[in-house]
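Please consult the sequence and the structure shown below while reading.

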Amino acid sequence: MIRVAIVEDNPADRMQIEQHTRRFFAENEEAVQIYTFGNGIDFLEHYRAHYDVIFLDIEMPLMDGMETAEKIRKLDPYVILIFVTNMSQLALKAYEVNAYDFIVKPMVYSAFDFKMRKVKRILDKRKRKFVMLPVKGALAKVSTDDIYYIEVENHRLYCHTKEGRFLLTAGSLSGMEEKLEGEHFCKCNSCYLVNLQHVTAVEKDFAVVKDVKLAISRAKKKGFIKALTDFVEEY
């Protein structure tokens, strides 16, 4: 299921984006859930980082698209932002907030389809993968997207997820690294295996993951920074 948010104050434009979006994903046989908002304030009030794509009008009352985008990026560094505007010169500002692309009104479906095909290629790469992890003597199915990092502490292995921290009853950090190969996990030191999509910053010798600072060892720093840079550039 692809989750799309449309933040647009003009009802006619909002409806057109929704129609184009539904048509595109129907033609590509992909389920889509669309959420619509009339302004940036309403959108941000209960924001959750679970959208795949956000269409964002640049010129809106109360809070314009650029300010809205800046706040989104603090909460969600990886969601695909696509600006919508009447004036192409305004769209140049989009790249200041790491926007993926922009669309100029009025939209014709052929141009929309062309841009969305590129978006879909990214979304296809991001599709969730699940792993079976040993928890309390049984196997639990966990999405790799939901894992923040895996930690070794006092010779025990812990998995930190959006649901909290839980003890893995078997396995090793190197074994988990092998199990999660290709899923954008990287060691920042001998104790932490980090999901790069949840790294929000690197501060000196620490990786910030969901407001938790994890130490980056001198031996791992160069490789970790390269892996993180490659991940950001790819997505």
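## Terms and basis

Two strands pair if DSSP finds at least two bridges between them. Helices (H or I, at least four residues) and strands (E, at least two) are DSSP runs, numbered from the N terminus.

The model is predicted: local features need pLDDT of at least 70, side-chain atom pairs count only at pLDDT 80 or more, and totals for chains, interfaces and linings use all residues. Residues are numbered from 1 along each chain as its sequence is written, and side-chain values use heavy atoms, with hydrogens and water left out.

## The chain as a whole

The chain contains seven helices and 15 strands. Taken along the principal axes, its C-alpha atoms fill a box of roughly 60 × 40 × 30 Å. Of its 235 residues, 47% count as buried, where buried means under 20% relative accessible area, exposed over 50% and partly exposed in between (1.4 Å probe, protein chains only).

Contact means heavy atoms within 4.5 Å. Among contacts between residues at least 6 apart in sequence, 54% join residues at least 24 apart.

## Nonpolar cores

A nonpolar core is a set of buried Ala, Val, Leu, Ile, Met, Phe, Trp, Tyr and Cys residues joined through side-chain atoms within 4.5 Å. The largest such core has 21 residues, and those with the most contacts inside it are Val4, Phe25, Val53, Phe55, Ile82, Phe112 and Met116. At least two residues of this core come from each of strand 1 (2–7), helix 1 (11–27), strand 2 (32–37), strand 3, strand 4 (80–85) and helix 5 (109–126). Helix 5 supplies the largest share, six residues. Another core, of 19 residues, lies apart from it and includes Ala5, Met60, Ala69 and Val79.

In soluble globular proteins, nonpolar side chains tend to be buried together. Val53 is in contact with Arg3, Val4, Ala5, Val79, Ile80, Ile82, Val119 and Leu123, leaving aside neighbours within four places in sequence.

## Helix 5

Helix 5 has 18 residues and reaches 25 Å from its first C-alpha to its last. This span is close to the 26 Å expected at 1.5 Å a residue, the expected value being 1.5 Å times one less than the number of residues.

The buried residues of helix 5 are Tyr109, Phe112, Asp113, Met116, Val119, Lys120, Ile122 and Leu123. They pack against strand 1, helix 1, strand 3, strand 4 and strand 5 (101–104).

## Asp57

Asp57 is found in strand 3 (residues 53–57). It counts as buried because its relative accessibility is 4%. Beyond residues up to four places away in sequence, Asp57 touches Val7, Glu8, Asp9, Gly65, Val84, Thr85 and Lys105.

The side chains of Asp57 and Lys105 are joined by a polar contact of 3.5 Å. A polar contact is a pair of N or O atoms within 3.5 Å; within protein, one must be able to donate a hydrogen and the other to accept it, and residues adjacent in sequence count only if both atoms are side-chain atoms.

An open sheet of five strands has the order 10-9-8-12-11, with antiparallel pairing. Its edge strands, each pairing on one side only, are strand 10 (164–168) and strand 11 (185–189). Strand 9 (residues 156–161) pairs with strand 10 in the antiparallel sense over five bridges; the bridge partner of Tyr158 in strand 10 is Leu167.

Strand 6 (residues 130–135) and strand 7 (residues 138–143) also pair in the antiparallel sense, over six bridges. They form a hairpin with two residues between them, and Lys136 in the turn has a positive phi of about 55°. Phe130 stands opposite Ser143 in strand 7, while Val135 has Ala138 as its bridge partner.
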